[in-house]
There are 2 protein chains.
Amino acid sequence: MSETYPPRVTITEVGLRDGLQMESKFLPTEQKLRLLHALIDAGVRRFEATSFVSPRAVPQLADAADLMREVKRRGDVTLAALAPNAKGIERALQANVDEVVVFLSASETHNRTNLNRSRARSLEDMREAAELVRGTSVHLHAAIAVAFGCPFEGEVALEEIERLATAFAEFGFQGITLGDSTGMATPRLVKQRVDMLRHKLPGLPVTLHFHNTRGMGMVNVVQGLASGITSFESSLGGIGGCPFAPGATGNICTEDTVHMLQELGVDTGIDLAALCEVAKEFENLLGHPLPGQVMHAGPRLRRFTVEEALCALGS
Amino acid sequence: MSETYPPRVTITEVGLRDGLQMESKFLPTEQKLRLLHALIDAGVRRFEATSFVSPRAVPQLADAADLMREVKRRGDVTLAALAPNAKGIERALQANVDEVVVFLSASETHNRTNLNRSRARSLEDMREAAELVRGTSVHLHAAIAVAFGCPFEGEVALEEIERLATAFAEFGFQGITLGDSTGMATPRLVKQRVDMLRHKLPGLPVTLHFHNTRGMGMVNVVQGLASGITSFESSLGGIGGCPFAPGATGNICTEDTVHMLQELGVDTGIDLAALCEVAKEFENLLGHPLPGQVMHAGPRLRRFTVEEALCALGS
């Protein structure tokens, strides 16, 4: 905890994809656009903005092409989109995304449950995905789900992460995300995986994607920082949930992460107050309380009057 | 984060005092006793069990003397109680508590708001408290509220913590808790305060009491560990709330803390599965969802069947 941390990190906002996917409500395109533009105004520069997945499978993101058509594009903002297969990649390229994210699971059972095919087959799909994107200016990114443990199989071997990441590098992927899909990451596993990747594949930038399912999301971010990682994914208001654990939260919360990074002296380029305002709007639009803490409590030096305190204590 | 941590730490369960104090419901003594005994069975050995405060001020703890009379006492279990004044201390001593906890606030405004007197007067009260307890076998503990920042005044100077702690040591207090009453602690402040106290008052054991109001509770625990602290306070199910921030959580959660410590290789002597069962009973008794994560999600290696996953994903 007393190490030197990187002076600046990049936050990728995944609330509009990973977050909304868990919501029962369809958020109209216009509202998604308002949130996206407000987040850009607050200083967020990277988004997992949507997913070119079957609208039947994920109706919440059925408007992926509309969203990409109508969003104000900026040279300094990266809009990434998930694509589960060749058809999704073609749609994503047609929609002019800045980055395509293709993924598989580190465990066989999770891959078969989530993608309905073997890991071997998914790896072949990813090689083909890389061929589809090669030659375009679109950034090619790979994500490994359940990279810190699988809810069906338990521990995931470090060797499996090495094998998959090595394949991605060979296929021409330009970056990789280790996803902690069900909140099984621990500081020990974060350090182990990051150290291995930086040693074996020093040219492949690593992004960390944590869930707070068991309350360790922030601790894992700090371990990532201590291990030299400068790219993290998080979700506005902490939306996302965990499909396996009713009552447990999902993605780590963007505002809480930005607030903590500020307090650790790490710059994100994001205006925390503006970010919290967007989170509150998000909460209003979704119509239920979001798990974010700082959006409710305010930053640590927020001042209260004695009257506010007595009123709150009396309530 | 890669430091060596202490092999074993002590958790003080504060849910029955700090937690219940924020609940609107009065939990009958019998239910409190059932929770307390179940927690002891799960391996918890230290409790802030109640408070000898005016029943008018805190009706939830009006049964302090009954609770102490009826609880099964054990030589290896410490039952501490808060006492706000000389009358409270006398009641606590009559009730045969193992430890009396007396407190004040690090900031003048918070002390006046919370205790309705100046810090100078509170310090005088604490000297008298020490005299009342001296000569008995009861352990004498001091707590400093808002030790990492005040919601009214902002930053709290390190020198103020040093001044108060030095006075406590002179008065004969045998331990001190730094309380982060409104979730303003950061790793930098934790390290700074702990390093100072260990240097200036090496004979005075330090306990850390964090709130998760801004999502940094666990990160602060890890910093405490890295700084050599072996005593932490937490609340079953994470109950407690923050009076100033509706929607934000309060005390760090005991199960989540025990789970994280286990994953860091730090022993607490507590059986996590048994602890989570008590947390679920607590949730049932209180009748509303508690913020604890591990009680809902299970420990990280909890296995799910594919059927459970499909069922959850389909809901």
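This is a predicted model: local features need pLDDT of at least 70, side-chain atom pairs count only at pLDDT 80 or more; totals for chains, interfaces and linings use all residues.

Mentor: Begin with A:Glu263, which is buried yet has no salt bridge; its nearest side chain of opposite charge, A:Arg300, is 4.1 Å away.

Trainee: Why is the pair A:Glu263 and A:Arg300 not called a salt bridge?

Mentor: A salt bridge needs a side-chain nitrogen of Lys or Arg within 4 Å of a carboxyl oxygen of Asp or Glu.

Trainee: Why is A:Asn116 called exposed?

Mentor: Exposed means over 50% relative accessible area. A:Asn116 has 71% relative accessibility, so A:Asn116 counts as exposed. A:Asn116 sits in the loop between helices H5 (108-115) and H6 (119-133) of chain A.

Trainee: What is the phi of A:Asn116?

Mentor: Near 60 degrees, which is a positive value in a residue other than glycine. For B:Asn96 phi is near 65 degrees, also positive in a non-glycine residue.

Trainee: What makes S1 and S2 of chain A a pair?

Mentor: Two strands pair if there are at least two bridges between them. S1(A) and S2(A) (residues 46-51) have two, in the parallel sense, so they pair.

Trainee: Which residue of S2(A) is the bridge partner of A:Glu13?

Mentor: A:Phe47. In S8(A), the partner of A:Glu13 is A:Ser234.

Terms used
Residues are numbered from 1 along each chain as its sequence is written. Chains are lettered from A and ligands numbered from 1 in the order in which they are written. Side-chain values use heavy atoms; hydrogens and water are left out. Helices (H or I, at least four residues) and strands (E, at least two) are DSSP runs, numbered from the N terminus. Buried means under 20% relative accessible area, exposed over 50%, partly exposed in between (1.4 Å probe, protein chains only). Lys and Arg count as positive and Asp and Glu as negative; His and the chain ends are not counted.
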